[in-house]
Amino acid sequence: MSKRAPSIAVLTGNRLHDGLVVFLGGDGAWVEDIAGAVVARTPEEASALQAQGARDSALNRVVEPYLAEVREIAGRLLPVRQRERVRIDGPSILVDVPGYVSPSPRAPNGVRPLASDLRASLNPGGEGSDPVPVPVEAA
Amino acid sequence: MYRYDEFDAEFVRQRTAQFRDQVGRRLSGELTEDEFKPLRLRNGVYLQLHAYMLRIAIPYGTLSSRQMRKLAHIARTYDRGTGHFTTRQNLQFNWPRLSDIPDILGELAEVEMHAIQTSGNCIRNVTADHFAGAAADEVADPRPYAEIIRQWSSLHPEFNWLPRKFKVGVTGSEHDRAAIKTHDIGLHLKRLADGRLGFAVWVGGGQGRSPFLAELIRDDLPEADLLSYLEAILRVYNLHGRRDNIYKARIKILVHDLGAEAFAAQVEEEWRRIRDGVLKLPQAEIDRIRAYFAPPAYDERPVPAPPRAAGRAFDRWITRNTHAHKQAGHAIVTISLKPIGGIPGDASAAQMDAVADLAERYSLDEVRVTHEQNLVLPHVRSGDLWQVYRGLEAIGLAEGNAGLVTDIIACPGLDYCALANARSIPIAQRISERLSPRQDQIGDLKIKISGCINACGHHHVGHIGILGVEKRGEEHYQLLLGGSGAEDAALADIAGPGFGPEGIVDAVEKVVTTYLELRSNPQEPFLATYRRLGATPFKDALYAAA
């Protein structure tokens, strides 16, 4: 039996005017903090989120929304994929380089580990799901 | 430097106004994302992981101080105080608001810059040797030809919707600092048998998912025939290049599938039809463009020798970061954007302003951007080197590590790029910190890191290459050995099973330590040792415990 928490999903995208990462919140608003995201726990709920995303995309509230797989660990929503974890945390550059000013207001001071602490919680058996395609554009 | 004429200025002004209107219609909801995306991409605007990204063209990597100050101003006003210089000699801003981008393009137009054709399936920004016009080993300055190609390729109606993007690189030296064999077309400007200038034409190079080195298809192209021959190549590609599969759409696949000889035959046939037509370059036009790149007015007064006793760090910097200039009493200076543990290619607004000041005062107002993500002051009097060094020291950019193991190319990777599968920057930072104490002992060694198979970090031609992949949602890194992007170009070999984020730095260190143990003498560089011994001893060291 898997020790992993079952995966669930949130709907995420980028805000139109500035491109920042946002999540669909419980009241239908798009919020910057994943803690405020509404969670889909069944396929039906996931479909409902996607339908809401399509409507909000048509209304230009958000750009290219998609479902991101997450798990609930210690009361927090943590994305399964490293890609989504970086989207939440911002660039993970080592910000203690002398003279360097971090471009990310969300990056903490000091060296951030390569998510090894989270990885152990998320993926204790070294297994996981295959990557889900997300919207990208060619370089 | 080239200066816009009235046509250039009006063209960029109109394009900026057009895009302002398009952005306005997108923000108002009149345009959908599907309608807007191809328009924004044609103007260098991507939507990345965290925000929009604006890619600005720096033709053949040449900037004036005024242009550099404008980039600093944009970084400070519209971004978060930093710009990222790329392996295509471009600059990327990672945090602009879509609503601000028309204003940014307006500011760029004031200094003869734009973001046109920095994306899309068209002919991209033409790159050149970053020492062009200054290098002692140069036959001729390749930038006039890069400018001629820029003018020909800008909004070329026949080649604006190619099967895939198209990159041209030009060098005027035997020593290839422009990596021409990794380009769709690589041009080597040289003296032909009759003593006149002409080109060796290499076609079908490229990295990405299917890496190929370019093939030589003509070794004696007269300069007057440059555009007609390029047009013939592009026509063959446009006609036969695949449009059904994005992974097989680059010209490298066509050249590989047809064979270089058969491809060249088709080009020659098309060229025979058009070579004496409107694209024949009149000597007067070549001379007119060349005049923009005439050697600057060098200060030829005798200069005192630089103070060699100024300290070991200055000596290292002189040894590694200055290069022979064609003009006596002058040197080319590489400004390393690779401070130990720093972010490859990043410069803050304050650093950009300071570099502009140094260029204005000490380098005849010129700055270059290198495909190795460094900057260059191309024309520094030998007697001014100490002052330049002190100026760079004050902004944290005086590391004397050009070409050393800490002078790492790294793409933005998963920290910024929507295509990436793994992070590049933190890996580069950790390798830099780990190996910096031994970098002088190690000597010439190029590490190149890409966060995905698209290979923007040139991992296929790294002496040591690192490719980030995604494995079950997590980052994983392949290690490659033995590549080169120079005149001895070679594609690197995959060493074996990959490593996790923690293990890849140890693996690189193991390869380097093995090299130090096996090199025949301290002057034998890593690549020579690898070529002499092959991969086996390095693989043994990497996987012995497995």
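Tutor: Let us begin with the sheet of chain A, an open one of 5 strands in the order 3-2-1-4-5 with antiparallel pairing. This is a predicted model, in which local features need pLDDT of at least 70 and side-chain atom pairs count only at pLDDT 80 or more, while totals for chains, interfaces and linings use all residues. Residues are numbered from 1 along each chain as its sequence is written, and chains are lettered from A and ligands numbered from 1 in the order in which they are written.

Student: What makes strand 3 (30-31) and strand 5 (76-79) of chain A edge strands?

Tutor: Each of them pairs on one side only. Strands are DSSP runs of E of at least two residues, helices are runs of H or I of at least four, and both are numbered from the N terminus.

Student: How do you know that strand 2 (residues 21-24) of chain A and strand 3 of chain A pair?

Tutor: Two strands pair if DSSP finds at least two bridges between them. Strand 2 and strand 3 of chain A have 2 bridges in the antiparallel sense, so they meet that definition. Within this part of the sheet, Leu24(A) stands opposite Trp30(A) in strand 3 of chain A.

Student: What joins strand 1 of chain A to strand 2 of chain A?

Tutor: These strands run antiparallel and are joined by 3 bridges, and Thr12(A) stands opposite Phe23(A) in strand 2 of chain A. Their hairpin has 6 residues between the strands, and there Gly19(A) takes a positive phi near 80 degrees. In the hairpin of strand 2 and strand 3 of chain A, with 5 residues between the strands, Gly28(A) takes a positive phi near 90 degrees.

Student: Which way do the residues of strand 2 of chain A point?

Tutor: Val21(A) and Phe23(A) point one way, Val22(A) and Leu24(A) point the other way, and all are buried.

Student: Why is Ala249(B) called buried?

Tutor: A residue is buried if 20 or more other C-beta atoms, placed from the backbone, lie within 10 Å of its own, exposed if 12 or fewer do, and partly exposed in between. Ala249(B) has 20 C-beta neighbours inside 10 Å, and therefore counts as buried.

Student: Where is Ala249(B) found, and which residues is Ala249(B) in contact with, leaving aside its neighbours within four places in sequence?

Tutor: Ala249(B) lies in the loop between helix 6 (226-240) and helix 7 (251-258) of chain B. Contact requires C-beta atoms, placed from the backbone, to lie within 7 Å; beyond those sequence neighbours, the contacts of Ala249(B) include Pro163(B) and Arg164(B). Pro163(B) is 86 residues from Ala249(B) in sequence, yet 5.6 Å away in space, C-alpha to C-alpha.

Conventions:
Contact = placed C-beta atoms within 7 Å.
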